[in-house]
Amino acid sequence: MNKSIMMRPVQTQFPTSGGCTDSPVLRERGQREVFCGLTGIIWLHRKIQDAFFLVVGSRTCAHLIQSAAGVMIFAEPRFATAIIDDRDLAGLADANEELDRVVSRLLERRPDIRMLFLVGSCPSEVIKLDLSRAAERLSQRFSPSVRVINYSGSGIETTFTQGEDACLAALVPKLPAADVAAGPSLLVVGTLADVVEDQFARFFKAMGIGPVAFLPARRSTELAAIGTNTRFILVQPFLGDTARALEARGAQRITAPFPLGAEGTTMWLSAIAQAWGVDADHFEQTVRPARDRAALALARQRERLSGKKIFFFPDSQLEVPLARFLSRELGMQLTEVGSPYLHRQHLAAELAMLPAGTTLSEGQDVEQQLDRCRAQQPDLVVCGLGLANPLEDEGFATKWSIELVFSPIQGYDQAADLAELFERPLRRRALIAEKAACA
Ligand code: SF4
């Protein structure tokens, strides 16, 4: 019998309706407690190994980056801040000349830099310093050895993960055009820890999916060619601008839930496998060992987390996929799931898998949300650093949402580590209560 007749291609199975698809969303526009987009530099500079991030900002921006990244004593850092001081703010100095001087000095001293990001901030936007023109000017001067690109990490009306979105969206126009005669290719979009990227690459290879490229790549010289035959898939829900920029260049998005947990990873991989017409049995054989290992590890954690109430303050934009993972695979009870922005299209499958009746909120009015949190008395609160300490003081166990962006959490092998990130603060809180009872 003809082998191709026996093939049964993968059919993705994830809901696109039901759950919280049509649930009302509590929209708030009050005081917010979030970090700005400069924070993204911390994980982006680790990923793109020959890039340098030069923040054009104030001492506050420099402090933020330095304290978020930790002080690097032995390594040559790959980020810095060109300080805009009072003279610049008063319009007394030519900030462009100063910027050119700083960049020239930097590139002379660091010939290893191949891509330089000029990262805008609130102060550079206040003085209307045109960093796109600066990037063009400096690119011409230092091309071809260094490419200079600009994006904004400003904290005005943004949240911290938007820094990555702005950075990747700025990279899209620089990607070369794919040959129109080229066959289909896959672009995986969003920063992944190298270990996770390698695991996904092994799955793609085993299923015959390719050629595959990652955005961002580990080296700035490895820019993927894109065109109408490019299919791309997001690994993070906060990459709306990047997705739009890729679509504007003709690339087509593969829709799927995000690869968090055993179930999410299976659905994400199966959506790609379906797009490539992979045989269902072949897919099952490829993913089964890792999926079963992850499910087994999660079953143990489910015993400890099931029934625990969790409340999400809006911070990372990962809240909805995380809530889906915690409720479906670990049996946690969702009280409120807050997110800075709810991208309904990119989150369609995720929302459909949240239990109906879950309170969804978008944006923030922090005092009101704190009142709702206190009224719910959750076992665990996921929030930004600024809220964590006061909430701990009030007796709540907290998880810093920023840690979820820094840690490798996607894929099968990381599913149990992801669950562990939520279990640890509960264990710590239980120990504190035990000690207090013995005292
Ligand atoms: S970019 Fe704006 S919000 Fe971010 S550290 Fe600088 S001044 Fe603060």
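Q: A crossing counts as left-handed if the near helix is turned anticlockwise from the far one by less than a right angle, and as right-handed if clockwise; which of the two is the crossing of H5 and H7?
A: The crossing of H5 and H7 is right-handed. The model is predicted, with local features requiring pLDDT of at least 70 and side-chain atom pairs pLDDT 80 or more, while totals for chains, interfaces and linings use all residues. Residues are numbered from 1 along each chain as its sequence is written.

Q: What makes H5 parallel, antiparallel, perpendicular or oblique to H7?
A: The axes of helix H5 (residues 95-109) and H7 come within 11 Å and cross at roughly 40 degrees, where helices (H or I, at least four residues) and strands (E, at least two) are DSSP runs numbered from the N terminus. Axes are lines fitted to C-alpha atoms, for helices over the stretch in contact, and angles run from 0 to 180 degrees between N-to-C directions. Since angles under 35 degrees count as roughly parallel, over 145 as roughly antiparallel, 65 to 115 as roughly perpendicular and the rest as oblique, H5 is oblique to H7.

Q: Which residues of H5 and H7 meet?
A: Asn-96, Leu-99, Asp-100, Val-103 and Leu-107 of H5 meet Ala-134, Leu-138 and Phe-142 of H7, a contact requiring C-beta atoms, placed from the backbone, to lie within 7 Å. By class, this contact of H5 with H7 has six nonpolar, one polar and one charged residues, with Ala, Val, Leu, Ile, Met, Phe, Trp, Tyr, Cys and Pro counted as nonpolar, Asp, Glu, Lys and Arg as charged, and the others, Gly among them, as polar.

Q: How do you know whether H12 and H18 are parallel or antiparallel to each other?
A: The axes of helix H12 (residues 280-305) and helix H18 (residues 415-438) come within 9 Å and cross at roughly 15 degrees, and the two helices are therefore roughly parallel to each other. Their crossing is left-handed. The residues that meet are Ala-294, Ala-297, Leu-298, Gln-301, Arg-304 and Leu-305 in H12 and Ala-415, Ala-416, Ala-419, Phe-422 and Glu-423 in H18, and by class this contact has eight nonpolar, one polar and two charged residues.

Q: What surrounds the ligand, and which helix gives the most to its shell?
A: The ligand is surrounded by Cys-36, Leu-38, Gly-57, Ser-58, Thr-60, Cys-61, Leu-64, Ser-121, Cys-122, Gly-153, Ser-154 and Gly-155, a residue being near if its C-beta atom, placed from the backbone, lies within 6 Å. Helix H3 (residues 59-69) gives the most, with three residues, and by class the shell has five nonpolar, seven polar and no charged residues.

Q: How is the protein chain divided into domains, and how far apart are the C-alpha centres of domain 2 and domain 3?
A: The chain is divided into domain 1 (25-31 + 300-438), domain 2 (37-158) and domain 3 (185-282), with bounds that come from an automatic or database domain assignment. The C-alpha centres of domain 2 and domain 3 lie 29 Å apart, and their contact takes ten residues from domain 2 and six residues from domain 3. Helix H2 (residues 41-47) supplies three residues, the largest share of the side of domain 2 that touches domain 3.

Q: What is the peptide bond from Ser-143 to Pro-144, cis or trans?
A: With omega near 0 degrees, the bond from Ser-143 to Pro-144 is cis, and Pro-144 is found in the loop between helix H7 (131-142) and strand S5 (147-152). Most peptide bonds are trans.

How values were computed
A crossing is left-handed if the near helix is turned anticlockwise from the far one by less than a right angle, and right-handed if clockwise. Two residues are in contact if their C-beta atoms, placed from the backbone, lie within 7 Å.
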